[in-house]
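My notes follow, in the order I looked things up.

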Amino acid sequence: MLTRLIATATPIALVLSSSALAAPSPSDWQAVLDEARGQTVYWHAWGGDSRVNDYIGWVDRQMRERFDVEVTQVKLDDTSAAVSRVLAEKSAGNLDDGSVDLIWINGENFAAMREADLLFGPFNEQLPNFALTHPEHNPEVVTDFTLPTQGYESPWGKAQITFYHDSDQVPEPPRDIRALLEWAEANPGRFTYPRIPDFTGSTFLKQVLIALSDDPEALYSPVAESDFDDVTAPLWDYLDALHPHLWRSGRQFPGSGPEMRSLMADGELDLAFTFTPSEPAAAVADFELPPSTRSFVLEGGTLGNVHFVAIPFNSPHMAGAMAVANFLLSPEAQAHKQSLEVWGDRSVLDLTRLDETSREHFASPEENPSLLPAGALGQTLQEPHPSWMNALQDAWQTRYVGQ
Amino acid sequence: MSAFHHLEIEQLSIRLHGKPLLSLDTRIGPGEVLTVMGPSGSGKSTLLAWMAGFMSRDFEASGRLRLDGRDITALPPERRGIGLLFQDPMLFPHLSVSGNLRFGMPRATPDKQAAAQDGLARIGLADFGARDPATLSGGQQSRVALMRLLLSQPQAVLLDEPFSKLDSHLRHEMRQLVFGHLRDAGLPTLLVTHDHQDAEDAGGRVLELDA
Amino acid sequence: MPRMPLGLVPPLIVLLLVGPLLAGLIMALLPAFGYLPALGGESFSLAPWRALFDQPGIWRSAMLSLASGLVTTAVSLGIVLLFLASVSGTWLDKLIQRLVSPLLALPHAAAAFGLAFLIAPSGLLARLASPGLTGWERPPDLLIVQDPWGLSLMAGLIIKEIPFLLLMSLAALPQIEPARRVAMARSLGYRPTVAWLKVVVPALYPLIRLPVLAVIAFASSVVDVAMILGPTLPPTLAVSILTWFGDPDLSRRFMASAGAILQLGVTLAALLAWWGLECLVRRLGRRWIERGGRRAGDAPLRLAGKSLILLATLSAFVGLGGLALTSVAGFWRFPSALPDSLTWLHWQRALPSLGGPVLSSTIIAVVATLIATLLAVAALEKEQRRGRTASRALWLLYLPLIVPQVAFLFGLAVVTESLGVTPTHGLVIFGHLLFVLPYVFLSLSEAYRRLDPRWSQVALSLGVTRGSTFRRVRLPMLLAPLLTAMAVGMAVSIGQYLPTQLLGAGRISTVTTEAVALASGGNRRVIGVWAMLQACLPLAGFVMAVGLPRLIWSHRRGMQGSP
């Protein structure tokens with residue numbers, strides 16, 4: 001066993017099935033679809049939201065019907081579990097029969113997998129529907145936390161920090177980061193953010209840092225290139241001032257964005273935020289939040305990013321996985337996903353690239369008072385370099401854990 | 001059941017951790033009851049266990065046990081043909097009364113149901129076949145245990161203080177029944193007890209073991 | 001049963017359990033010292049340990065784990081012993097015993113969710129008391145659940161460990177004839193509860209020592225309960241390790257492995273501390289017993305015994321009831337004691353995706369339990385036939401109960417991967433067997449060894465073969481404990497999260513993996529649905545285990561009170 005482990009230490013050449021990586025032309029795509037026929041794609045995706053799970057179930061039904069490809073969602077409580085698994089397989093010398101075919105991924109998980117050479121690619125140029133995202137005009141679909149995706153992941157949806165509140169309790173919520181501190185001082189115990197290293201919580205740190213930093217540009221290069229203490233000093237001053245006024249006086253934090261939402265539902269919090277703009281409206285429909293729930297974004301914009309799907313280097317069903325990734329980019333699948341009754345996740349397609357009939361799928365949703373008003377997400381702040389995420393998480397923990 | 005059997009204990013010597021516990025050399029004839037008496041610790045239960053084939057590994061024994069001349073010392077308990085009666089009737093609680101009787105009958109017994117019926121009639125419990133043994137009185141249970149033993153057609157019998165838990169007014173009656181049946185069947189019997197009345201009613205030789 | 005295979009059973013069991021465990025530990029030990037070529041660790045170093053000890057709050061984490069292991073065990077054992085001492089056969093005692101046993105089947109996570117919802121500032125208790133008694137219109141900002149001292153974590157564990165220790169004690173008690181001991185002490189003038197504590201406990205403790213040690217090990221390394229109820233800044237060691245293993249920064253896996261080894265050390269330290277405690281209590285206890293106090297404190301002790309166990313049991317049931325209510329709740333604003341409306345929406349949504357996980361859970365639990373029962377019965381039967389000495393090697397059987405899961409499961413996943421074993425139901429069943437077998441053995445062995453040897457002696461002397469004696473006498477007479485052991489095994493299997501997730505590559509989805517994945521979504525109504533499901537499945541096993549023998553033996557009075 002040890003010798004096998006040692007053997008895998010040598011760099012691994014990607015072992016690919018015959019036709020999957022030929023030049024991108026329509027006939028070759030047909031070859032991919034032919035190869036995909038009859039495959040089962042194990043899609044490792046966070047399973048914490050039954051609406052997302054239901055959407056993936058819909059994808060499965062569509063793929064079976066149209067392409068004879070079966071999609072099985074492997075529900076994760078944390079995407080990094082899939083990263084661990086691929087890594088474990090690589091360390092065990094499993095180079096062509098891995099258990100993960102497709103991962104819902106972005107940010108530091110993507111960065112980690114790229115760095116450890118765990119991904120298959122580049123493949124997205126080969127997906128016929130990829131052109132519909134119009135990457136030349138929408139760089140966010142080929143950039144993940146400042147890192148170019150280089151074709152190793154295919155865009156799927158868009159997320160952006162969105163605040164929500166119960167308008168019965170808080171008629172006038174704070175509209176920017178500084179006002180948030182004043183509001184928290186006036187309303188002690190009614191705001192918090194998810195515990196670091198949670199994804200949503202870490203994003204809050206970045207949001208604050210971007211808003212307060214004298215040098216936000218530094219955040220878009222690797223953290224090693226700047227004076228971390230100097231750049232982040234305003235953030236820590238802010239948090240030190242904020243924490244005493246947080247829920248549980250900042251001695252405890254919810255574990256995740258969804259947990260924060262359930263604290264809203266219990267009336268413990270008056271103000272919260274999410275990475276999924278449609279989440280508050282969905283929670284109202286699920287009887288979790290009161291109908292008086294309203295959403296808004298901070299003035300000056302909030303952090304947003306794109307989430308992707310990627311294929312591990314040792315997936316035995318790459319053709320099937322590519323077929324799924326391509327279907328996910330189809331106008332029909334994107335429109336279905338964007339509809340609030342289904343999931344409410346925003347499309348990555350460039351509507352100008354769609355023909356008339358495809359555009360009709362994206363009929364504007366009916367008025368929902370809990371949803372953001374149309375156009376509110378216009379101003380999107382880009383994600384800093386992923387190295388900032390780790391550095392901020394470590395610094396936060398050193399500062400606030402075990403005190 | 002009419003065959004006559006005899007049991008021979010040849011130069012038996014039992015030791016516990018190397019210390020001699022008891023030695024015995026005797027023969028029990030057909031229908032004879034040999035009573036073994038002695039205080040606790042004298043080795044009478046160990047003797048019984050050795051004969052039945054259940055002796056604990058803590059003891060070492062040398063000597064032979066012969067049934068009708070056949071050496072059965074090394075045979076497992078179920079192939080020795082030696083039946084046992086304990087202090088308690090030990091009727092299987094999950095079987096009916098007649099189920100208990102049928103349990104012990106040799107496989108080849110032709111009509112087990114009828115044999116059980118017949119056996120129950122012989123001990124005055126003719127209508128008890130379908131009953132739950134737990135609903136029988138102590139005396140009735142003892143009689144069923146005896147009949148179960150007899151119907152299993154043993155070639156010799158060991159009795160381990162079988163009357164000590166019975167009410168005193170039942171004891172005499174039960175002894176008559178047990179010894180009568182064993183004698184009729186011609187079975188050599190070894191009785192372990194510390195009740196002199198048992199020995200008297202058994203009417204055979206009495207062997208006293210020292211502590 | 002033929003003789004030869006029976007002789008091979010104990011070594012087989014040991015190989016089956018100890019082999020994977022050791023392999024898993026080695027694969028944790030190597031990276032802990034820097035060796036994991038796949039991640040570029042090609043030489044041994046102490047860097048992972050330095051990184052580990054640089055983690056903020058690492059010592060606090062370790063101490064929390066140690067404390068929750070010791071406190072949980074001491075309190076649960078204390079409550080169980082006090083209760084047993086106070087039992088006098090009243091309807092209340094019987095009711096309590098009847099309520100406690102099904103709790104054994106309740107998965108830890110479900111119990112933890114229930115308790116969390118009960119005691120949270122916006123939980124059921126606060127809602128019931130508000131605003132009438134408390135004046136709270138909004139949930140108070142109180143740190144109750146996930147408190148930094150781990151009190152709510154310990155409370156959650158205590159609720160679950162009481163049933164386990166109680167059933168283990170009840171199984172062991174008949175051996176030491178408590179009634180006779182107490183009667184003797186009472187004739188010397190001792191009050192019943194004091195008598196029980198002074199003459200029964202010293203004889204009982206050695207018999208339940210192993211389950212007690214298993215509780216210490218479990219409570220010091222538990223993951224799911226600690227994630228729900230445990231402290232967060234920092235969390236307990238086991239939870240930290242899990243986070244590090246799951247960190248996208250892959251180099252953290254070295255530190256995580258070092259953490260896994262540290263966890264092993266913490267658990268061993270807890271066991272060692274307990275051993276020291278045992279010595280101390282033995283010495284003090286002897287003085288207390290010999291001093292001869294006969295009456296003092298009898299009534300308060302009895303009251304404490306009953307009320308504490310009742311409190312723990314009721315908390316579990318009310319919490320579970322709260323979850324059931326949440327699963328059908330419409331909007332439910334604080335401080336309403338009841339939801340504004342009821343809805344089946346969440347059940348309806350779960351329904352289409354129920355079948356697969358329920359089937360998987362059932363298949364895995366049934367097969368793992370059957371194999372475990374077969375092996376346990378074979379080992380015990382062999383022990384019976386050879387005389388009453390238990391094979392010493394069988395002590396190794398309990399190793400998976402003592403070695404923390406986080407310490408070896410990640411390593412084991414790497415091992416199975418490198419052996420090229422594809423993740424299937426079979427592999428997951430094998431992983432569950434590691435934990436199911438010890439519990440089945442633990443639950444069954446007492447009853448099996450206690451069964452009067454004269455039953456088989458009678459059967460053999462009637463000329464019935466050994467195999468037949470086993471089938472027709474021992475097996476039916478032990479039906480009730482056998483079924484109970486199987487129900488325990490099923491419950492253990494159904495509650496497993498880490499082994500299912502790691503060995504099944506996440507592809508095997510059971511009610512528990514599904515519940516954990518959905519719990520990360522934080523929707524309490526959905527959690528309610530899955531926690532109820534997770535609780536119902538093993539409960540069904542328990543109902544069958546209790547009901548079947550009663551049904552089968554309804555006309556056999558002698559089988560009614562069987563163990």
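**Strands of chain A**

I began with a residue pair: A:Tyr164 stands opposite A:Ser295 in strand E9 of chain A. Before going on, I noted that this is a predicted model, where local features need pLDDT of at least 70, side-chain atom pairs count only at pLDDT 80 or more, and totals for chains, interfaces and linings use all residues. Residues are numbered from 1 along each chain as its sequence is written, while chains are lettered from A and ligands numbered from 1 in the order in which they are written.

I also wrote down how elements are named: helices (H or I, at least four residues) and strands (E, at least two) are DSSP runs, numbered from the N terminus. Strands pair if DSSP finds at least two bridges between them.

E9(A) and strand E7 (residues 162-166) of chain A run antiparallel, joined by 4 bridges. I then looked up the whole sheet, which is open, has 3 strands in the order E8-E7-E9 (chain A) and pairs antiparallel. Strand E8 (271-274) and strand E9 (293-296) of chain A are the edges with a single partner strand each, so one side of each has no neighbour in the sheet. From one strand to the next, the twist averages 30 degrees.

Next I checked strand E6 (residues 153-160) of chain A. It is mostly covered, with 8 of its 8 residues buried (20 or more other C-beta atoms within 10 Å of a residue's own, C-beta atoms being placed from the backbone). E6(A) pairs with strand E10 (residues 302-310) of chain A in the antiparallel sense, over 7 bridges. One bridge I picked out there links A:Gln160 to A:Gly304 in E10(A).

**Where the chains touch**

I counted two residues as in contact if their C-beta atoms, placed from the backbone, lie within 7 Å. Which chains have the most contacts among the 2 pairs that touch? Chains A and C do. There, 52 residues of chain C are in contact with 60 residues of chain A. H17(C) gives the most to chain C's side, with 5 residues. By class, that side has 25 nonpolar, 14 polar and 13 charged residues (Ala, Val, Leu, Ile, Met, Phe, Trp, Tyr, Cys and Pro are nonpolar, Asp, Glu, Lys and Arg charged, and the others, Gly among them, polar).

Chain C also meets chain B, with 22 residues from chain C and 24 residues from chain B. On the chain C side, helix H19 (453-461) gives the most, with 6 residues. I found no contact between chain A and chain B, whose closest C-alpha atoms lie 45 Å apart.

**Helices of chain C**

I looked at helix H11 (residues 237-245) of chain C, where 8 of its 9 residues are buried. Among them are C:Leu237, C:Trp244 and C:Phe245. The cover includes helix H4 (80-91) of chain A as well as helices of chain C, including H3 (58-86) and H17 (405-418).

Last, I checked H3(C) against helix H7 (residues 151-172) of chain C: the axes come within 8 Å and cross at roughly 45 degrees. Axes here are lines fitted to C-alpha atoms, for helices over the stretch in contact, with angles from 0 to 180 degrees between N-to-C directions. That angle makes H3(C) oblique to H7(C) (under 35 degrees is roughly parallel, over 145 roughly antiparallel, 65 to 115 roughly perpendicular, and the rest oblique). The contact residues divide into 13 nonpolar, 4 polar and 1 charged.

How values were computed. Buried ≥ 20, exposed ≤ 12 C-beta atoms within 10 Å, placed from the backbone.
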